[in-house]
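Please keep the sequence and the model at hand while reading.

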There are 2 protein chains.
Amino acid sequence: MSSPNSAASNDGPLRYEATGVDYTLIDPLKVAAQRAAASTASQLQQHGMHEIESSRGESAYVVDAGPFLIASIVECLGTKALVADEMHRLTGRIHYGAIAQDTLAMAVNDLITVGATPLVVQAYWAAGGSEWFGDAARAAALVQGWREACERCGVAWGGGETPALAGIVEAGRIDLAAACTGIVNPKTRLSLGDALRAGDRIVLLASSGIHANGLSLARSVATRLPEGYLTPLDDGSLYGEALLAPTVLYAPVMAALHAADIVPHYCANITGHGWRKLLRHPGDFGYRIDVVPPVPPVLDFIRTQAGHDAAEAYGTLNMGAGFALFVAASQADAVVDLARACGVPAWNAGEVGPGPKRLSVPSLGIEWDASELQLR
Amino acid sequence: MSSPNSAASNDGPLRYEATGVDYTLIDPLKVAAQRAAASTASQLQQHGMHEIESSRGESAYVVDAGPFLIASIVECLGTKALVADEMHRLTGRIHYGAIAQDTLAMAVNDLITVGATPLVVQAYWAAGGSEWFGDAARAAALVQGWREACERCGVAWGGGETPALAGIVEAGRIDLAAACTGIVNPKTRLSLGDALRAGDRIVLLASSGIHANGLSLARSVATRLPEGYLTPLDDGSLYGEALLAPTVLYAPVMAALHAADIVPHYCANITGHGWRKLLRHPGDFGYRIDVVPPVPPVLDFIRTQAGHDAAEAYGTLNMGAGFALFVAASQADAVVDLARACGVPAWNAGEVGPGPKRLSVPSLGIEWDASELQLR
């Protein structure tokens, strides 16, 4: 095992595992927690309810509450705020409006994968001390960005927590997360993958950049650059600013599908592990992507700087595809049109085929099978 | 203003404001966030729903979803885990089972105040690095404690987040929070205080100790003691261990009331600001407490060590009363019996009277009016 944070040298390609997160330490806890969590499902019986068992391990947890299903989730921003802090130091510009959108997107983009309409978001803003909140301009940007993101997703901001956690959160830093509750109504909107079949099409929705996954890698790349975050990209933008493009909110696209009576057969929010998330469905299907979306310059830059081949880049970052909709072939073009009408570039990009489980992207030379990284 | 963390001397009484949390810095952000959040309520209309406006500023946010109400919340543990970490270092004993219960209690005890049945809990465990999860015994205690607390509250553990946030959360530490979703069903169970009236009784439910509020003060006290957390209390327990008694879960009491068709007129979870929380209801009522619950030894010890008078102690800590139920006078004794049958000591302790707004505890010489600390 590489030891965390050991990769800030200039030698050789950067492995994600070497940039600070050691999943071999987290995974046993995760498995134990998942088992313990599953054992609590029976608690719902006393309330006349039951869980949708296939939602265990999916992006949001779903309970059958009778007239409709209730979905819920909590999601963390991760370490993207560290980039905002550093860019603030370097340029004086505040990026916490974008950071707020990122945090909300982490929760909402996951919640909608199951077919839920997000209704209420709770904010979790845990600062390293009361001082964090004393920077009025930064605090105002966070509040305004959060409100605007809620409005774009059609959710009510219910409230939240703003603790000052000196001794737990580092001084000057903030730990951001969002909890989201929604409903699947009617229940037939549930998109946990039961309807997925060979012949379905894969519609990819554009990302805006790195979103909020792969930031440990992106931060490591910065340490290898003489100008760090101030390095200009080919399009003239600064590396640090390009990293801070806010995550696309996909809830409006899902709402448009709902209004058009289109129910995706499955959805994948492409976050950590990049395109490996396309293999997330538990069934025995093969997936082939023939149309590869354009790669945002910042991701191309990271790939080059990190010395990644296609498999490593697409297996770590979203590379331009932030969300995947698996839909009936007859509806794929309509889905693309609806997404584009929401301002989100979209492509009828690939096809679901029979098993064995694998992802093939011929133009990139990618051929992954079920032995690829544990995704759930 | 005292500067944070300036109180670790041995001179004079300890003020809560001097122990690390400066609310004058947080409050403007909080007010701005509350205003922005309130402005998003209209988003629910497009889903055919509306918020219960009086839940804004209460302990949980409530939405009318048609057949029933949906309540949700996210709550943070605070800094109690720092005490567990220090006791682990001093004694080798792991307290993360209790810490798990504390975290769950923060969310669930708040959610039930509005009359909601908690259904699903999401875990938020953000560690300072992957290494935190590598301590298998500690991780197992956290998982098991969480599961058991879920079972005692009748909630399903839906899932959660276990990020490793090096650079944001301090190395070796963990930031713990819980999100909870529940329903108020039937809607007549809503207990936001509309039914509160003069003549109602106040039933106090026992706490187990400090619960998870006032820990900054408790930690400051430890720094003034020659033996620190290893100081024995009068009952022989160690100060640090007594602090780590897990927070009482009040959900079983609320479930028992529900089963008995008793709807409290209002509820207050007594957390930060101690008994000032008894003044939380927005209406113009006076409250008089005639029966003061026994004070847990650890709270008595903190009060003595911090040099607090009754008003300061009861205005900071729960002092033995962890939850207050405001109920019809005719039901008060039944509520006490039901709580005791759940294993929670309870007292028919006081009465709601006409305004002006004030809290009177004659036996303690406490007379607070509406000018007391901002509570919402």
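## The contact between the chains

Chain B gives 78 residues to the contact and chain A gives 78 residues, where contact means heavy atoms within 4.5 Å. Together chain B and chain A bury about 6,200 Å², with 69% of it on carbon and sulfur atoms; buried area is the accessible area (1.4 Å probe) that two parts lose on being put together, summed over both. In chain B, the residues that lose the most area to chain A are B:Leu29, B:Val74 and B:Ile168, together 11% of what that side buries.

This is a predicted model, in which local features need pLDDT of at least 70 and side-chain atom pairs count only at pLDDT 80 or more, while totals for chains, interfaces and linings use all residues. Residues are numbered from 1 along each chain as its sequence is written, chains are lettered from A and ligands numbered from 1 in the order in which they are written, and side-chain values use heavy atoms, with hydrogens and water left out.

Between chain B and chain A the count is zero salt bridges, a salt bridge being a side-chain nitrogen of Lys or Arg within 4 Å of a carboxyl oxygen of Asp or Glu.

## The domains of chain A

Chain A is assigned domain 1 (47-189) and domain 2 (193-372), with bounds that come from an automatic or database domain assignment. The C-alpha centres of domain 1 of chain A and domain 2 of chain A lie 21 Å apart, and their contact takes 34 residues from domain 1 of chain A and 31 residues from domain 2 of chain A.

The area buried between domain 1 of chain A and domain 2 of chain A is about 2,800 Å², and carbon and sulfur atoms give 64% of it. Two salt bridges are found across this interface of domain 1 of chain A and domain 2 of chain A. The side chains of A:Glu241 and A:Arg93 meet in a salt bridge, at 2.6 Å from N to O.
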